[in-house]
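Subject: Two-chain model, handover and notes

Hello,

Please find the structure below, followed by notes on what turned up in it. The notes start with the chain interface and end with a few backbone details.

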Amino acid sequence: MGRIKSIARRTFLIGSAAIVGGVAFGYYAYKKPIANPLLDDLADGAAAITPYVLIDQNGITLITPRTDVGQGAYSVQAALIAEELDVRLDQVNIDPGKPSTAYYNGKVAFEGFPLAATDSSYIAQKGRVMGDVAGKLLGLQLTGGSSTVSDAYEKLRMAGAVARATLLAAAAQKTYIDVTDLKTRDGAVLFPDGSTISYLELAPVAATIEPVTEISLKPESEWRYLGKDMQRLDIVSKSTGTQSYGIDVVMDGMVFATVRTNPRRGDMISYDDTAAKNMRGVNNIVPITGGIGVIADNTWRAFQAAHAVEFNWGPAPYPKTTDDMWAVVGDSFTKKLQDSQFTDDGDVDEALAVADVLEAEYRIPYLAHAPLEPMTATVLLTDIRLDIWTATQIPRFMQANAAKLTGLDVDDVHIHVLMSGGSFGRRLEDDYVLQAVEIAQTIKGTPVKMTWQREQDMTHDFPRPMQMSRARGAVKDGQVDALDLGIAAQSVTASQIGRVGLPVAGPDMMIVAGAWDQPFSIPNYRVTGFRVPEMVPVSSWRSVGASGNGFLHDCFLDELIHVAGADPLEERIRLCWHEPSRKVLEAVGEMSNWGSKMGPNRGRGVAFTLSFGVPVAEVIEVTNTADGIRIDKAYVAAEVGRVMDPVNFDNQVQGGLIWGLSHAIYGALTFDDGMPEQDNYDTYEVMRMYQTPEIIVRGLENSDQIRGIGEPPVPPAAPALANAIFAATGKRIRELPLIKHIDFV
Amino acid sequence: MQLSVNGNSYDVDVEDDMPLLWVLRDELGIHGPKYGCGIAQCGACTVHIDGESVRSCSYAVGDVDGEITTIEGLGTPDALHAVQQAWITHQVAQCGYCQSGQIMEAAAFLATNINPTDTDIDDAMSANLCRCGTYPRIRVAIKSAAATLRGA
Ligand code: FES
Ligand code: FES
């Protein structure tokens with residue numbers, strides 16, 4: 001790492017764009033320093049040297065604004081700061097901070113630009129800076145897109161380094177010892193004579209001086225935490241039942257609530273709560289948007305009463321059945337609904353005019369997020385102030401929407417972000433929180449904890465869109481020669497970003513993510529996105545567009561490779577022009593001993609998807625038993641530039657693969673009479689331990705791009721499994737969930 | 001009615017058919033057992049009654065006849081049960097929401113079998129679901145807890 005200079009003032013956010021140096025953006029609002037939110041209510045003698053490091057009488061607090069939804073975000077953010085600040089992780093408190101533009105995410109907006117992650121051209125570099133600009137201008141404080149590490153990698157280490165340098169300067173000022181003679185260790189400054197002074201003692205002096213911004217980051221060789229196995233900060237609490245989640249909030253005088261709203265997502269025409277009102281413990285039943293809220297003295301009593309209410313629900317604002325919806329999707333492959341065509345190499349039409357053409361149609365269903373902790377929020381509303389305690393990935397949007405709903409000033413809405421029992425993208429929405437606020441409006445001054453029943457959660461999700469692809473392709477001389485892939489899906493971006501009140505324009509890259517941007521040099525190669533009109537409102541689901549497109553793209557590529565008579569792994573390697581991607585394919589081949597003989601009724605499949613800048617290759621081995629398909633073993637190789645914490649990396653990759661397999665086998669949200677037909681885990685089945693294969697993981701570090709790993713292992717899982725089933729049985733399954741077409745053990 | 005939870009006795013005034021889970025969580029403020037499905041499909045609410053694992057979301061409080069143990073009573077951060085220690089050593093948790101139930105299920109199972117085979121483990125644990133996909137680490141942690149319990 002070179003020496004970094006910047007013009008930071010105490011209110012300046014140390015951001016990655018500043019590092020590039022000399023980039024003239026010409027955006028005043030972007031260059032304008034962002035206020036440090038920690039300075040607002042700082043006690044005397046306390047220091048908030050950057051928006052990420054607070055030192056006061058409570059000790060050292062590191063601000064970790066990306067939400068922990070189970071991916072270990074708090075721990076990795078803390079480690080990045082601690083590495084440079086030179087503190088041990090057991091010496092610090094962590095706090096997610098309050099909603100602030102200072103905590104904008106400069107990386108997540110990039111995913112919206114039509115720039116492949118593998119593109120290192122000048123335009124692409126500029127585009128990435130634009131993503132940072134957009135993130136800052138919009139104050140995109142959100143957790144998603146596997147962006148936490150890539151966004152924080154320099155930002156948080158610099159925040160730690162600035163704080164450390166300033167504390168050193170404070171020590172020098174206090175003692176008149178030259179700063180070059182000072183060192184730091186574990187939260188203290190070390191003097192030449194061996195004596196020490198703690199950061200806490202230095203805080204009052206540090207608070208009075210300008211932050212030192214001429215800093216250099218440690219070389220990797222001096223890292224104490226990063227790149228090594230770390231113990232997650234929440235591992236003890238999560239192993240002893242002492243971790244508090246959103247659902248565990250307790251407040252004095254709190255009442256318990258739940259809601260029931262139209263499972264068709266339309267209006268509520270009428271309801272009859274005669275029986276429900278008189279049930280034990282029920283305080284009140286109140287109408288809210290699209291349904292009712294029940295206020296009671298116990299969550300279960302609220303659930304019971306909600307069941308006892310009779311409803312007359314209005315119709316769905318979308319087609320009534322899954323079949324009707326498929327008709328809409330199928331009708332969307334038109335010029336008028338064409339959304340994008342960013343890959344169009346060679347002459348696809350000519351290549352397909354002459355050859356024997358392989359054609360296939362693929363389908364994937366709507367999918368629910370269904371994190372194990374259902375949606376909950378605790379709300380306390382008074383005439384002058386609103387407090388919300390909840391697990392969320394979008395604190396700032398929620399704050400704005402709650403202000404709008406209550407008529408309060410944004411500054412009077414206080415969001416307290418809590419630990420979340422999973423999310424997978426679900427907590428990028430604030431519908432449940434606004435419902436709790438609506439209930440609180442009827443009982444001002446009393447804290448209300450609203451908990452969704454699982455049934456409400458499953459039937460009121462914003463699912464992953466259903467998708468169809470129509471693919472045509474051809475081979476020549478034993479090689480893949482042409483691939484023409486059309487993908488039709490609703491726009492997640494338009495649906496979701498529209499709900500948080502941001503403008504959206506232009507093509508939605510998520511319709512084709514994981515397909516248009518794959519690093520293969522197929523001579524004639526075209527990927528076209530078609531935008532299906534909005535039906536069921538949709539949202540980001542772990543790995544978003546790539547989650548389904550991995551299956552649509554890779555399985556059809558596999559079909560072509562088989563027609564060509566080539567080896568599935570060898571041909572992918574031959575077609576791949578991107579060095580880091582080729583290396584993950586080679587690695588997974590070596591790990592799985594690709595090409596070795598397998599027994600009877602056995603088969604292996606390989607799949608590759610590059611998503612969120614991370615190339616991932618997976619090999620899955622299956623046996624076709626008398627009771628159905630058994631998944632024996634899985635191998636995953638992924639390239640993230642630098643593995644921050646090998647233990648958590650391993651856990652995330654295994655979890656991502658299992659998530660992908662689980663939904664590939666079982667996942668489907670289907671509709672009848674406008675209502676979801678699945679409402680709990682008995683009908684929305686998930687993979688269990690006995691079905692889980694042994695999973696072997698390897699993280700590669702060949703690239704200089706630092707990336708996150710929460711989502712990228714998901715997309716190749718479904719195609720690797722489907723390709724393995726083909727290898728073992730000769731049966732090519734082109735529709736998910738696979739269980740519709742083949743049995744599993 | 002009288003309930004004995006983690007060695008403490010409580011007097012609660014609730015309907016007989018209220019699930020034990022909601023008595024623990026909302027009446028007694030014991031939050032280790034979690035609500036995931038309410039229909040005995042996920043295992044997040046698992047507690048012990050006289051050492052046997054039950055799904056407290058689907059167990060009417062009126063039917064309870066015995067000592068209830070929740071994860072809080074199994075062990076604490078300062079005095080960990082062998083299963084909890086193994087869960088920490090192998091860093092099982094991701095979101096952690098299922099883990100109270102996983103740990104209670106594993107502890108009840110290992111109390112009857114400290115020499116489990118892979119199949120035994122799969123059979124015992126497959127009714128507990130984990131959306132985050134921590135199954136491989138749970139397997140490893142159970143084997144290591146079993147070794148501890150054997151004194152190996
Ligand atoms: S909440 Fe009891 S089994 Fe799911
Ligand atoms: S760790 Fe999240 S559900 Fe199991």
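**Interface between the chains**

The contact between the two chains takes 55 residues from chain B and 63 residues from chain A. Please keep in mind that this is a predicted model. The size of an interface is often given as the accessible area lost when the parts come together. Between chain B and chain A that area is about 4,800 Å², with carbon and sulfur atoms giving 56% of it. B:Gln91, B:Gln94 and B:Arg131 supply 18% of the area that chain B buries against chain A, more than any other three residues.

Seven salt bridges are found across the interface of chain B and chain A. In a salt bridge between B:Glu27 and A:Arg301, the N to O distance is 3.9 Å. There are also 34 residue pairs in polar contact across the interface of chain B and chain A, both residues being at pLDDT 80 or more. On the side of chain B that touches chain A, two or more residues each come from helix 1 (20-27), helix 2, helix 3, helix 4, helix 5 (118-125) and helix 6 (135-150) of chain B. Helix 6 of chain B gives the largest share, five residues. By class, that side of chain B divides into 28 nonpolar, 15 polar and 12 charged residues.

**B:Gln94**

B:Gln94 sits in the loop between helix 3 (82-89) and helix 4 (99-110) of chain B. B:Gln94 counts as buried because its relative accessibility is 3%, under the 20% cut-off. Its side chain makes a polar contact with the side chain of A:Asn651 at 2.7 Å. Leaving out residues up to four places away in sequence, B:Gln94 touches A:Gly70, A:Arg232, A:Lys238, A:Asn651, A:Gln652 and A:Gly655 in chain A, and B:Cys132 and B:Thr134 in chain B.

B:Arg55 and B:Glu105 form a salt bridge, with their closest N and O atoms 2.8 Å apart.

**Backbone details**

- A cis peptide bond, with omega about 0°, joins A:Leu736 and A:Pro737. A:Pro737 is in the segment after helix 19 (717-729) of chain A.
- A:Ala370 is not a glycine but has a positive phi of about 45°. A:Ala370 lies in the loop between strand 16 (358-364) and strand 17 (376-381) of chain A, and is buried at 1% relative accessible area.
- B:Asp50 also has a positive phi, near 50°. B:Asp50 is in the loop between strand 3 and strand 4 of chain B, and counts as exposed at 53% relative accessibility.

Regards

Key:
Residues are numbered from 1 along each chain as its sequence is written. Chains are lettered from A and ligands numbered from 1 in the order in which they are written. This is a predicted model: local features need pLDDT of at least 70, side-chain atom pairs count only at pLDDT 80 or more; totals for chains, interfaces and linings use all residues. Side-chain values use heavy atoms; hydrogens and water are left out. Helices (H or I, at least four residues) and strands (E, at least two) are DSSP runs, numbered from the N terminus. Buried means under 20% relative accessible area, exposed over 50%, partly exposed in between (1.4 Å probe, protein chains only). A polar contact is a pair of N or O atoms within 3.5 Å; within protein, one must be able to donate a hydrogen and the other to accept it, and residues adjacent in sequence count only if both atoms are side-chain atoms. Contact means heavy atoms within 4.5 Å. A salt bridge is a side-chain nitrogen of Lys or Arg within 4 Å of a carboxyl oxygen of Asp or Glu. Buried area is the accessible area (1.4 Å probe) that two parts lose on being put together, summed over both. Ala, Val, Leu, Ile, Met, Phe, Trp, Tyr, Cys and Pro count as nonpolar, Asp, Glu, Lys and Arg as charged, and the others, Gly among them, as polar.
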